[in-house]
Amino acid sequence: MSKNLTGKGERIRQRMIETTARILREKGFKAATVRVIAQEAGVNIASIKYYFGAKEELIGYALDYMMGNFENIVAYLDDPRLTPKERLTKYILAYFQLARKHPALFHSISHPSSAESKDTYFIYLTLLHNQCWDKVIRNVAEMTHLKNRRDLELKSMQIFSAIEFPIILEANETDSFITQYTDMTTLKRYVELLLDF
């Protein structure tokens, strides 16, 4: 829906999109009711119709918002100006930052608050696989010169596992031992060692 909005109107609209995205990440689609969205965004229910026309439109914008961040990260894997190692390094470090921005997605894998929350996480993982898997494999092939597809898949699985492990630990227990390894300097070294093959 296109409207000529004031600066304040744009901020309200953006807040509604971000709030809806957060609800989807944390609680799943079922919890994203008009009433809950309006309450958590601090607007009245009529605002959804005014700014978006319908709840479904708002949900669509929220999903685009969530995936926009992810697509920016995936773009690193295709950047021709970078070496394969630089591509993977930038992708992994940006993925760590995205995980910090959306910890509920990663928390839900081991502590789902509802079936919808768990489903949202697995939808996200499927998207991750669909958008990144072949690109990661291609970069790993360029780095390692492995030719066997199965070996490339296994090496890529090791990389994905090494990425997810600290993210899931940190998302589930913020005061665990993993916090001593999650500052940016240590994460850069972690990725450097991970990709040293």
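1. Helices, as the word is used here, are DSSP runs of at least four residues, numbered from the N terminus. The model under discussion is a predicted one, and with that numbering His-145 falls in the loop between helix 7 (115-144) and helix 8. The phi angle of His-145 is near 65°, a positive value in a residue other than glycine, and His-145 is exposed, with a relative accessible area of 58%.

2. Two packed helices are described by the angle between their axes and the distance between the axes. Helix 1 (residues 7-27) packs with helix 2 (residues 34-41) at an angle of about 120°, their axes being 9 Å apart, and the two are therefore oblique to each other. The crossing that helix 1 and helix 2 make is right-handed.

3. A second pair consists of helix 5 (residues 84-101) and helix 9 (residues 184-194), which pack at an angle of about 140° with their axes 10 Å apart. That angle makes helix 5 oblique to helix 9, and the crossing of helix 5 and helix 9 is right-handed.

4. Turning to charged side chains, the structure holds nine salt bridges. One of them joins the side chains of Arg-138 and Asp-78, at 3.1 Å from N to O. Because Arg-138 lies in helix 7 while Asp-78 lies in the loop between helix 4 (55-74) and helix 5, the pair ties together parts that are 60 residues apart in sequence. Arg-138 is partly exposed, with a relative accessible area of 33%, and Asp-78 likewise counts as partly exposed, at 35% relative accessibility.

5. Within helix 8, Glu-153 and Arg-149 lie four residues apart, about one turn of the helix, and they form a salt bridge in which the closest N and O atoms are 2.9 Å apart. Glu-153 is partly exposed at a relative accessible area of 22%, and Arg-149 counts as partly exposed at 42%. Elsewhere, salt bridges that share partners join Asp-78, Arg-87, Lys-135, Arg-138 and Glu-142 into one network.

6. The salt bridge between Asp-79 and Arg-81, with the closest N and O atoms 2.7 Å apart, deserves a separate remark. Asp-79 is buried, with a relative accessible area of 11%, whereas Arg-81 counts as exposed, at 71% relative accessibility.

7. Phe-165 is found in helix 8 (residues 149-172) and is partly exposed, with a relative accessible area of 48%.

Definitions and conventions: Residues numbered from 1 in each chain as written. Predicted model: local features only at pLDDT ≥ 70, side-chain atom pairs only at ≥ 80, totals over all residues. Heavy atoms only, no water. Buried < 20%, exposed > 50% of the residue type's maximum accessible area, 1.4 Å probe, protein only. Axes fitted to C-alpha atoms, helices over the stretch in contact; angles between N-to-C directions. Parallel < 35°, antiparallel > 145°, perpendicular 65-115°, else oblique. Left-handed = near helix turned anticlockwise from the far one by under 90°. Salt bridge = Lys/Arg side-chain N within 4 Å of Asp/Glu carboxyl O.
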